[in-house]
Amino acid sequence: MATLINLSSTQLLSFHSSTSFHPRNTPTLSLNLHPNSSSNLRPISIKPYHHSRKPHTWLVTMAVKNLGETESVTVSPESDGPAGELPPEAGVYAVYDKDGELQFIGLSRNIAATISAHRKSVPELCGSVKVGVVDEPDREALTQAWKSWMEEYIKITGKVPPGNESGNATWIKQQPKKKPDLRLTPGRHVQLTVSLEELVDKLVKENKVVAFIKGSRTAPLCGFSQKVIGILEKEGVDYESVDVLDEDYNYGLRETVKKYSNWPTFPQIFLNGELVGGCDILTSMHEKGEVAGLFKK
Amino acid sequence: MGVSKEQVESSLNSKLNPSHLEVIDISGGCGASFSVEIVSEQFEGKRLLERHRMVNAALEEEMKEIHALSVKKAVTPEQWKKQQESNQSNPAA
């Protein structure tokens with residue numbers, strides 16, 4: 001074992017005799033960073049107060065009152081309006097329903113605006129709110145404040161607020177993320193160990209819906225590809241896209257896919273490993289209302 | 001360069017024996033792109049993809065010169081009849 005001295009973390013070092021590793025040698029004393037104790041030591045490893053540090057960084061969590069001590073504000077169109085009691089500032093907030101049950105603890109850069117949005121999207125769950133404005137609202141301070149309220153709630157009730165449970169999307173509207181286009185190769189100058197055809201085969205069989213298009217899914221470069229993407233998006237089909245014009249990461253793909261599918265043009269839409277068709281076919285299926293049924297099964 | 005509408009029609013006529021065929025040159029006369037409406041008994045029992053493949057295969061030679069071929073319709077005579085009827089009864093659709 002090597003002797004390790006890291007000056008910046010000297011307070012985390014502990015002494016260990018490593019005799020067991022050198023039974024025949026004279027016992028040596030070495031300094032080791034103890035991996036398990038570092039987290040335990042952290043709370044007591046607070047450095048002596050440096051004058052160069054601004055004091056407020058230490059007072060961050062104290063800027064927010066405990067959840068229990070905070071007074072609640074009834075949510076109404078007036079309360080989050082410009083003259084309301086809710087501040088248009090950054091901080092932590094807790095939403096209670098009309099029966100006084102805590103529903104969600106959230107963070108916001110503009111509490112009044114966020115509450116207003118909640119009140120509009122889930123009015124039945126917004127009875128009152130508690131608000132803790134965080135001064136100097138950097139990311140860490142906000143997270144700290146949120147954590148302290150969450151911990152306080154969990155300590156008392158033994159559970160996470162329903163809106164904060166993982167998978168609950170009532171309060172956090174997730175923007176539908178656009179998937180990135182898939183790349184078949186790591187780059188055109190990298191020698192492939194399997195043929196491109198095999199990669200195509202694997203790709204269309206492992207993904208339910210794959211669209212080979214010209215251009216990216218966010219910016220299709222051909223009208224037919226655009227039309228197909230439009231149909232898939234409109235029908236809410238979960239699909240993967242591959243840009244056949246990407247000469248860096250999909251070099252040679254156009255010819256390979258044409259040969260693979262025995263279909264002369266792009267776009268090409270695959271479902272469960274089989275070509276469904278191109279723009280004409282998808283368009284006519286769309287007109288007959290068959291797309292959702294077929295692709296979402 | 002390019003293919004004439006007549007060439008496309010004659011190839012499709014000889015290979016797919018359509019009961020209705022409409023070929024439109026949508027390239028503006030240079031013979032680079034066509035749209036096709038075709039009704040043939042040979043499409044019976046075939047998926048849309050296979051029908052398009054048949055059209056593509058029938059135009060294999062022409063496809064070398066054609067930039068874009070849009071198969072607007074590839075239906076069986078029976079489907080065609082139904083579509084014509086529904087179009088008449090519901091002209092707005």
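Biologist: What makes the pair B:Lys64 and B:Glu61 a salt bridge?

Modeller: In this predicted model, the side chains of B:Lys64 and B:Glu61 come to 3.1 Å, N to O, and because the cut-off is 4 Å between a side-chain nitrogen of Lys or Arg and a carboxyl oxygen of Asp or Glu, the pair qualifies as a salt bridge.

Biologist: Why are B:Lys64 and B:Glu61 called exposed?

Modeller: The label needs a relative accessible area over 50%; B:Lys64 has 62% and therefore counts as exposed, and B:Glu61, with 53%, counts as exposed as well.

Biologist: What makes the contact of A:Glu240 with A:Lys179 a salt bridge, and which parts of chain A does the pair tie together?

Modeller: The N to O distance is 2.7 Å, which is within 4 Å, so the pair meets the rule. A:Glu240 belongs to strand 8 (residues 240-243) of chain A, while A:Lys179 sits in the loop between helix 3 and helix 4 (196-206), so the pair links parts that lie 61 residues apart in sequence. Salt bridges with shared partners also join A:Lys179, A:Asp238 and A:Glu240 into one network, and over all chains the structure holds 10 salt bridges.

Biologist: How do you know whether A:Glu240 is buried or exposed, and what is the label for A:Lys179?

Modeller: A:Glu240 has a relative accessible area of 14%, and because buried means under 20%, A:Glu240 is buried. A:Lys179, at 26%, falls between 20% and 50% and is therefore partly exposed.

Biologist: What is the case for a salt bridge between A:Glu247 and A:Arg254?

Modeller: Their closest N and O atoms are 3.2 Å apart, so the pair passes the 4 Å cut-off. Both residues count as partly exposed, A:Glu247 at 30% relative accessibility and A:Arg254 at 27%.

Biologist: Why is A:Glu152 said to have no salt bridge?

Modeller: The nearest side chain of opposite charge, that of A:Lys130, is 7.0 Å away, and because a salt bridge requires a distance within 4 Å, A:Glu152 is left without one, although this residue is buried. A:Glu152 lies in helix 3 (residues 139-157) of chain A, and, setting aside residues up to four places away in sequence, touches A:Asn66, A:Leu67 and A:Gly68. A polar atom of the side chain of A:Glu152 is 2.6 Å from the backbone nitrogen of A:Leu67.

Biologist: How do you know that a salt bridge crosses from chain A to chain B?

Modeller: The rule finds 1 salt bridge across this interface: A:Glu274 pairs with B:Arg47, with the closest N and O atoms 3.5 Å apart, so the distance is within the 4 Å limit. The rule also finds 4 residue pairs in polar contact across the interface, both residues at pLDDT 80 or more. Strand 10 (274-277) and helix 7 (279-287) of chain A each supply at least two residues of the side that touches chain B, and strand 10 gives the most, with 4 residues.

Biologist: What else describes the interface of chain A and chain B, beginning with the area they bury?

Modeller: The two chains bury about 920 Å² between them, 57% of it on carbon and sulfur atoms. A:Trp263, A:Asp280 and A:Ile281 supply 47% of the area that chain A buries against chain B, more than any other three residues. In terms of contact, 11 residues of chain A meet 10 residues of chain B.

Biologist: What makes the backbone worth a remark at A:Glu136 and A:Asn262?

Modeller: Most residues other than glycine have a negative phi, whereas A:Glu136 has a positive phi, near 50 degrees, and A:Asn262 has a positive phi near 55 degrees. A:Glu136 lies in the loop between strand 6 (128-133) and helix 3 of chain A, and at 47% relative accessible area is partly exposed. A:Asn262 lies in the loop between helix 6 and strand 9 of chain A; its 56% is over 50%, so A:Asn262 counts as exposed.

Biologist: Why is the peptide bond from A:Phe266 to A:Pro267 called cis?

Modeller: Its omega is near 0 degrees, and the bond is cis, whereas most peptide bonds are trans. A:Pro267 is in the loop between helix 6 (253-261) and strand 9 (268-271) of chain A.

Notes: Residues are numbered from 1 along each chain as its sequence is written. Chains are lettered from A and ligands numbered from 1 in the order in which they are written. This is a predicted model: local features need pLDDT of at least 70, side-chain atom pairs count only at pLDDT 80 or more; totals for chains, interfaces and linings use all residues. Side-chain values use heavy atoms; hydrogens and water are left out. Contact means heavy atoms within 4.5 Å. Buried area is the accessible area (1.4 Å probe) that two parts lose on being put together, summed over both. A polar contact is a pair of N or O atoms within 3.5 Å; within protein, one must be able to donate a hydrogen and the other to accept it, and residues adjacent in sequence count only if both atoms are side-chain atoms. Buried means under 20% relative accessible area, exposed over 50%, partly exposed in between (1.4 Å probe, protein chains only). Lys and Arg count as positive and Asp and Glu as negative; His and the chain ends are not counted.
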